[in-house]
Amino acid sequence: MDKTVKLNLFCFLFFLFLFLSTITVSLSKTTTLNTSTKSNPFSPKSSLTRYWKTQISNKDPIPNFLLSKASPLPPLEFSLFTKLASNNSLSSHLSSFCSSANLFCFSDATVPNSGNAKDSNFAVYDGKGFSNYGSGRLGGGDTFKNYSENTNFASSGFTKYSGGSTGHREGFNSYATDANVANSNFTSYAGDATGGNGEFNSYMPRVNVPDLRFTTYSGNGNNHPLTFKSYVDDTNSGNQQFVNYARNGNGVPVGFTSYGDTSNVVGSTFSHYGELANGGNDSFKAYSSNANNPKNEFKSYGGGGGNAGSDTFVSYRDRANSGTDSFVSYGRKANSGRSVFVNYGKSFNPGSDSFREYGKGATGQHTGFSSYSLNTTFKEYSKTGVSFGQYAKPGLKEGLNKVSGSLVNKWSEPVKFFREKMLKKGTVMMMPDIVDKMPRRSFLPRAITSKLPFATDKLSDVKEVFQARDNSILERVLSNTLSECERAPSPGETKRCVGSIEDMVDFAVSVLGHDVVVRTTDNVRGSKKEVMIGEVKGVNGGKLTKSVSCHQSLYPYLMYYCHSVPKVRVYVAEILDVSSKAKINTGVAICHIDTSSWSPGHGAFIALGSGPGKIEVCHWIFENDMTWTTAD
């Protein structure tokens, strides 16, 4: 072979090599790209996508806002945790399970923090345990300001805090503000303390599930006054326990001002409160006012041989919606006690109050009821020293008239509800707070949820899975959601709690059929601001339709309470900035046309000034809530 032929052959082979190399690199890049963009076919999200295609007949893909809530578990971990759930062994791997599956798991345990030698200022501080903190202190004070603010789970333990101190003051200002779940334990707080004072200002405001325990608080204390101002205001479904509070105390005055104001279903228990105390002086002003169905229980309060105690209830549960109070053995066997109830229980919807063994066996006891209300029961109360004046028996119409205008309850959120005529182009209106306050979580695959216990009669098994201790805040979270999910549906309502997207799809399809669409408001822009309505489109041409609405419930994994909503109209509306007229959001609104079965005390009627069946009521679909309808 001559040199020319060899050179040509070499050049050909060289360029062939370059060409093949280019193809190989290109194929490699393509393969890498496809691998990274296409999810694993064995992942929960891929399985969900396939399930969606088999159930939804209109061929629309699963919306991103819904798919984003699917379980992030990789295939191997998905398989592992499914097997552990089948074998009831998830609790032994709870930490890794919660982390990998993006769950909301927490512990009630706190970090001990014992003793301090000087004044302390805890500003912008997160939850810790203060055991034996401030014990034996002489004078001085500690301040907890902006403590555990805007956190998901604020947990603090103040065990034997300030015990045996003299002239020591404690201040809790803006404590656990806007937290989702707040838990504080004040056990043997200020026990045997002399002088000084404790002050709780703006304590746990706007908390979703506050849980507070004052056990043997100020027991055997001597003139250590306590003040609770704006305590657990605007909270949702809270619980406070005062057990053996100020027991055997000497001159321990306690003041509750604006306690539980505008809260939703807050329960307070006072057991053996002030029992055997000497010269106690307690004041409840504007306690549970403007609240929705507050429940307060006073067991053996101020009784059991207490001496010269004084209790005042002023504007107690005023303008509240319903509510239940129970006074069992209140002031029983007390000596020279004095209790005054002024404007007690003047709720706009009648509540229920029970006074059992009230002042029974007491000596020199004086009790006065001024302007007390309907549905009050007195059983075995003291026949001497008790006066009743201005028994109020307002009609429902009168009660509702009282809360019009400036007295509209804050918990009803007037801007939350509006009339259908507001959904017109050019309308300027206030947008309520549509921001989701729940912790970020993901659904679990149905293959796992179907193997987990979920019932009130299996609460012990549920607690075991999530390592919830007895009487813990987590136990209350689990119990509350289970009870709500098992609550009997309202007349004409179909409901179901779902912990997987597959279950949500099944429920929506069972109510509406397979040709369905799910919608939510795009984002939170415009929240709590004045906005302008742009173009408005009525779903299904604005005709009367049926929908399935789904709202979050607090649970370790993402849980939705879904229910059928008959006779509604659903709208999709552009949300514009009032000044620039630029589009900032796309909102979904639902208008309930038939409100005849709603409670007369529903927040919508309080806000809009009407009653059941008389008006339609509209509201926006908030962040992470959603509504299903048949497809256009």
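Buried here means under 20% relative accessible area, exposed means over 50%, and partly exposed is whatever falls in between (1.4 Å probe, protein chains only). The model is predicted: local features need pLDDT of at least 70, side-chain atom pairs count only at pLDDT 80 or more, and totals for chains, interfaces and linings use all residues. Residues are numbered from 1 along each chain as its sequence is written, and side-chain values use heavy atoms, with hydrogens and water left out.

**Figure 1. The whole chain, before zooming in.**
Eleven helices and 29 strands make up the list of elements in this chain. Both kinds are DSSP runs numbered from the N terminus, with helices being H or I of at least four residues and strands E of at least two. Of the 632 residues in the chain, 50% are buried. The chain exposes about 27,700 Å², and carbon and sulfur atoms supply 52% of that; the areas come from the Shrake-Rupley method with a 1.4 Å probe, and for residues only the protein chains shown count as cover. Now for contacts, meaning heavy atoms within 4.5 Å. Among contacts in the chain with a separation of 6 or more, 76% join residues 24 or more positions apart.

**Figure 2. Close-up of the C98–C105 disulfide.**
A disulfide is a pair of cysteine sulfur atoms within 2.5 Å, and the structure holds four of them. Number the bonded cysteines of the chain in sequence order and the pairing reads 1-2, 3-4, 5-6, 7-8. In this view, the sulfur atoms of C98 and C105 sit 2.0 Å apart. The torsion about their S-S bond is about -75 degrees, so this disulfide is left-handed. What about cover at the two ends? C98 has a relative accessible area of 9%, so C98 is buried, while C105, at 29%, counts as partly exposed.

**Figure 3. Close-up of the C485–C497 disulfide.**
Here again the sulfur atoms of the bonded pair, C485 and C497, are 2.0 Å apart. The S-S bond of C485 and C497 has a torsion of -95 degrees, which makes for a left-handed link. C485 belongs to helix 9 (residues 473-486) and C497 to strand 22 (residues 495-498), so the pair ties together parts that are twelve residues apart in sequence. Both cysteines, C485 and C497, are buried.

**Figure 4. Close-up of the C591–C618 disulfide.**
The sulfur atoms of C591 and C618 lie 2.0 Å apart. Which hand does the link of C591 and C618 have? With 110 degrees about the S-S bond, the link of C591 and C618 is right-handed. C591 comes out at 0% relative accessible area, so C591 is buried. C618 is also listed at 0% relative accessibility and counts as buried.

**Figure 5. Close-up of the aromatic cluster formed by F454, F466, Y555 and Y557.**
Rings of Phe, Tyr and Trp (its six-membered ring) pair if their centres lie within 6.5 Å; planes under 30 degrees apart are stacked, over 60 edge-to-face, and the rest tilted. By this rule the count comes to nine aromatic pairs. One of them is F454 with Y555: ring centres 5.4 Å apart and planes at 70 degrees, so the pair is edge-to-face. It joins distant parts of the chain, 101 residues apart, with F454 in the loop between helix 7 (446-449) and helix 8 (459-465) and Y555 in the loop between strand 25 (545-553) and strand 26 (559-577). F454 is partly exposed at 29% relative accessible area, whereas Y555 is buried at 1%. F466 and Y557 have ring centres 6.4 Å apart and planes at 40 degrees, so that pair is tilted. This is another link between distant parts of the chain, 91 residues apart: F466 is in the loop between helix 8 and helix 9, and Y557 in the loop between strand 25 and strand 26. F466 is buried, with a relative accessible area of 4%, and Y557 is buried at 3%.

Is L459 buried or exposed? Its relative accessible area is 18%, so L459 is buried. Which residues does L459 contact, leaving aside its neighbours within four places in sequence? With those neighbours left aside, L459 is in contact with L478, S479 and L482. From L459 to L482 is 23 residues in sequence and 8.4 Å in space, C-alpha to C-alpha.
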